[in-house]
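The exercises below are to be worked through with the structure in view. Each task is followed by its solution in steps.

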Amino acid sequence: MARKKTDKIVFENVEVLDAGAKGVSVAKAEDGKVIFIPNVVPGDVVDVQTFKKRKSYYEGKAVTFHKLSDKRVEPVCEHFGACGGCKWQNMGYEFQLGYKHQEVENNLKRIGKIQLPDFEPILGSEKQFFYRNKMEFSFSNARWLTDAEIQSGEELGRENALGFHIPKMWDKILDIKKCYLQQDPSNAIRNEIRDFANENGLEFYNPRENTGLLRTLMIRTASTGEIMVLIQFFKENKKQREMLLDFLKNRFPEITSLQYVINSKLNDTIYDQKVICYNGRDYILEEMEGLQFSINAKSFYQTNSEQAYELYSITRDFAGLTGEELVYDLYTGTGTIAQFVSKKAKKVIGVEAVPEAIADAKVNAERNNITNCEFFVGDMKNVFNDDFIAQHGQPDVIITDPPRDGMHKDVVAQILKIAPEKVVYVSCNSATQARDLALMDEMYKVTRVRPVDMFPQTHHVENVVLLEKR
């Protein structure tokens, strides 16, 4: 039954049916429209108050719970519900894996509309918390008050915050006390920076007025135990900057790389900024199967180190290398997959658009004494052409790991033109992967599929597909 409440519809006794895209769950209204609801679990029965109505769907929030799903677990994090990070923390991990597997299967079947083999079971992550190796936090001079805080009736100041952006709000920061995503000493470093800054009168950033000193904090940890901390300052104040950096250097001697940026731009991306090393070295070392990879402040590296190893192992297994193959690794990033498979290949050619990533790849290959990898910079759709193939050889296997948008249609066309025996397609977005697989279907048959969970407590899922020439 539906009723009106201050011009917003309330649907009563609605059963949550499925876990939908972007971490929200899905129910059906009496009029047949879909309702998207956050912070509920399939199997919950709830009253939903809508706050947005569209032609084919509503968006709403659960205001009353009549029945709790048997898929539910108690979230461990006190910030769950306010922070948009771990939207599935209230769902048992085995059910999370089931819905991720289902999403990949649905996308490949409905969007791809291609013949598929039986899927191999999704590979879950051994660590379900404290698995991320990179976290970014923002400073704000006016913290976000949660619904619970506002309803408490207590006198609450809008003091400084160091934490995460509230979803869909670019200028609102939720103060984070304990985050379950990155291993210690991540929480201690963040909390002590906040406390020290407050005690010493360091100004937190105001994004609306572009004022203040402290802007963002990045912490990177590695499986080797090394730690990088980078603080972004909005302006230079040598005395206060050195006071904070010296405090960190002395309080946390385990920090391998202590760096900073002075950025007075309107946005806080650091990729066009000069990163200055204050103490230690300007990189940390990650290790995988005896290989070492240097990670600097701007490097891309899979954010779940342990599970990245599993993802790359599956990729290498799907490629079925014998030591005689010429392999092309498209969208190679810092060349991690290329180097990981190199000992089973005759030669690996890596291509990537970001010059800094290719510089990292070359340094890492040299560090690892790998001589059968070559790396080239260029926009994939432009560089991966007939001249490039003529110069570097006809690949036997192509490994491709594109960004969320998938492969450019010209890249797909070039793969079809040169027709390697196998293509291993690693994707963080099975919808765009399905689109690309459909384009390749005439020449290639999908023979293996295996989803991999890199991000427990979230809806994100990676997928590895093996295509073999028909």
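**Exercise 1.** Determine which strands helix H3 lies across, and state the angle at which H3 runs to S11.

*Solution.* Step 1: helix H3 covers residues 186–199, where helices (H or I, at least four residues) and strands (E, at least two) are DSSP runs, numbered from the N terminus. Step 2: H3 lies across S8 (134–140), S9 (161–165), S10, S11 (214–221) and S12 (227–233), contact meaning heavy atoms within 4.5 Å. Step 3: the angle to S11 is about 160°, taken between N-to-C directions on a scale from 0 to 180 degrees, with axes as lines fitted to C-alpha atoms, for helices over the stretch in contact.

The model is predicted: local features need pLDDT of at least 70, side-chain atom pairs count only at pLDDT 80 or more, and totals for chains, interfaces and linings use all residues. Residues are numbered from 1 along each chain as its sequence is written, and side-chain values use heavy atoms, with hydrogens and water left out.

**Exercise 2.** Give the strand order of the open sheet of seven strands and identify its edge strands.

*Solution.* Step 1: the order is S10-S9-S8-S11-S12-S13-S14, with mixed pairing; two strands pair if DSSP finds at least two bridges between them. Step 2: S10 and S14 (276–280) each pair on one side only, which makes them the edge strands. Step 3: from one strand to the next, the twist averages 30°.

**Exercise 3.** Describe how S13 and S14 pair.

*Solution.* Step 1: S13 (residues 257–262) pairs with S14 in the antiparallel sense, over four bridges. Step 2: serine 257 has glycine 280, in S14, as its bridge partner.
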